[in-house]
Amino acid sequence: MKKAQLQLTGDLLFAERKKYRTRNQITFMMEAFFFSFATTLNSQQTVVPSYVAELSENAIFISLISVIFYGCTYCAGIFSCLIGLNTETPKWSAILMCGLHRVGFLFLFISTFFAGSNTKLALFVFFAAYTFACTMSGISSPLFTMLVANTIPDRVGDFFGMYNLSGAISGIIASWVLKKCYERYSFPMDYKVIFLLAVIFAVIASVVLASGIKEVPAPVPEKKARARELPAFFRTAWRSSIPFRRFVGTRMIMAAAEFSVPFFIVAVAGFRGVPAGYVGTASLVLLITKIVAAKILGYVADRRGEMPVLVISCSCGLAASLLTLFTDSYFWIFPIFVLVSFIQTGVNVAESVAIITHSDGRDTTIFNATNGLLVTPVYIIASFAGGILAELFSLDLIFIVSAIVFAFVIIIACRNIFGSVSN
């Protein structure tokens with residue numbers, strides 16, 4: 001049966017995958033629920049910067065979060081290319097890499113045992129674990145996207161809208177749990193409980209994916225892809241689609257502003273009237289907003305493509321930066337993190353749709369890595385520069401720069417949209 005399935009192509013392959021679409025979408029939504037619970041408790045926008053800020057006041061450590069997150073996540077996509085191009089089963093390749101990703105979560109939890117007595121060791125273990133987790137995320141995420149491309153044959157934008165919706169509902173619950181942990185426990189016990197729960201729910205997500213997904217793989221090329229062939233694959237991906245080139249070019253510029261995201265929670269900590277559970281509140285706002293953002297941006301992506309989604313995302317980034325600069329009351333945490341949610345959801349939806357739309361099922365890892373390799377250097381340079389500027393001057397300078405760059409990207413993206421329409 002497996003051999004027969006592997007020979008399916010074209011309309012027959014589409015029809016066979018269509019049969020399992022409902023089952024697979026339900027499974028993915030369950031996986032999104034559990035995994036989003038875990039990632040909310042390890043949020044790069046709120047929890048991780050707050051944890052590092054408890055260990056050190058040095059702004060460079062905060063900027064290092066962005067360097068590791070974006071640098072490792074995107075660069076590691078190179079390794080997923082060979083796996084994706086040569087694998088006979090995207091499902092089990094994705095699940096194996098996701099399992100290794102959970103090991104990184106485990107060591108984030110282990111770092112909390114040193115937080116109360118040896119902050120330098122806690123920082124070392126944390127950043128080592130975070131680097132490993134982000135690297136494995138960079139390998140597993142393209143394989144996960146490939147799995148989606150091989151199991152969800154149509155209405156991809158709508159799928160990602162529903163996927164993010166399920167994750168957002170879970171995130172609301174996780175944010176409530178997060179808030180209670182901060183209110184009930186003092187440092188570092190609060191983060192011990194938070195990171196342990198993240199490990200448990202991430203493992204459950206992998207079990208759900210392994211047991212529920214029904215895949216119908218496309219034929220595997222007889223000739224295996226080799227590492228030395230990857231540069232040629234990247235060039236082909238880059239040259240094959242003008243819209244994809246425009247999208248990646250716009251993302252590269254946007255990365256020079258997006259590094260500011262982890263600094264929003266640090267800036268809010270200095271607002272007037274901030275309560276003990278403000279991190280949980282910010283996470284709750286992020287996830288509630290994500291429900292609306294996922295549906296709106298999924299709808300926009302299906303009907304207008306990925307570039308208008310970036311315009312919305314950057315408009316929200318511009319507004320969030322300006323609010324952070326010109327307000328200092330705790331009340332403003334709500335609109336600020338509503339806007340931050342649209343920034344991150346917009347990027348996730350736009351990249352996923354662009355990569356799947358402009359590639360076929362087996363080339364998604366190549367397109368993902370091409371995007372990552374070009375965007376990553378901008379993230380790294382901007383993050384380090386931002387951390388140094390914040391340490392030498394103030395956080396305000398970070399948000400001034402991000403506001404300017406977000407505004408510039410809006411102009412570039414609009415030109416791409418209207419230029420493609422006129423052509």
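Modeller: A residue counts as buried if its relative accessible area is under 20%, as exposed if over 50%, and as partly exposed in between. The model we are discussing is a predicted one.

Biologist: Is Ser 352 buried or exposed?
Modeller: Ser 352 is found in helix H16, and its relative accessible area is 15%.

Biologist: How far apart in space are Ser 352 and Ala 301, C-alpha to C-alpha?
Modeller: In sequence, Ser 352 and Ala 301 are 51 residues apart. In space, the separation of Ser 352 and Ala 301 from C-alpha to C-alpha is 10.0 Å.

Biologist: Which residues does Ser 341 touch, not counting those up to four places away in sequence?
Modeller: Ser 341 is found in helix H16, which spans residues 333–357, and it counts as buried because its relative accessibility is 3%. Leaving aside residues up to four places away in sequence, the residues that Ser 341 touches are Leu 286, Thr 289 and Lys 290.

Biologist: Why do Phe 264 and Phe 399 tie together parts that are apart in sequence, and by how many residues?
Modeller: Phe 264 and Phe 399 form a tilted aromatic pair, with 4.9 Å from centre to centre and 45 degrees between the planes, and both residues are buried. Phe 264 lies in helix H13 (residues 261–268) and Phe 399 in helix H18 (residues 395–422), so the pair ties together parts whose separation in sequence is 135 residues.

Biologist: How is helix H3 oriented relative to helix H10?
Modeller: The axes of H3 (residues 21–41) and H10 (residues 189–212) come within 7 Å and cross at roughly 165 degrees. Since angles over 145 degrees count as roughly antiparallel, the orientation of H3 relative to H10 is roughly antiparallel.

Biologist: How many nonpolar residues does the contact of H3 with H10 have?
Modeller: The crossing of H3 and H10 is left-handed, and the residues making the contact include Phe 28, Phe 34 and Leu 41 of H3 and Phe 201, Ile 204 and Val 208 of H10. Sorted by class, the contact of H3 with H10 has four polar residues, two charged residues and, as the nonpolar count, 17.

Biologist: Is the peptide bond from Phe 187 to Pro 188 cis or trans?
Modeller: Pro 188 lies in the loop between helix H9 (156–184) and H10, while Phe 187 belongs to a cluster linked by ring pairs, with Tyr 182 and Tyr 191 among its members. The peptide bond from Phe 187 to Pro 188 has omega near 5 degrees and is cis.

How values were computed
Residues numbered from 1 in each chain as written. Predicted model: local features only at pLDDT ≥ 70, side-chain atom pairs only at ≥ 80, totals over all residues. Heavy atoms only, no water. Axes fitted to C-alpha atoms, helices over the stretch in contact; angles between N-to-C directions. Helix = DSSP H or I, 4+ residues; strand = E, 2+ residues; numbered from the N terminus. Parallel < 35°, antiparallel > 145°, perpendicular 65-115°, else oblique. Left-handed = near helix turned anticlockwise from the far one by under 90°. Contact = heavy atoms within 4.5 Å. Nonpolar A, V, L, I, M, F, W, Y, C, P; charged D, E, K, R; others polar. Buried < 20%, exposed > 50% of the residue type's maximum accessible area, 1.4 Å probe, protein only. Phe/Tyr/Trp six-rings, centres within 6.5 Å; stacked < 30°, edge-to-face > 60°.
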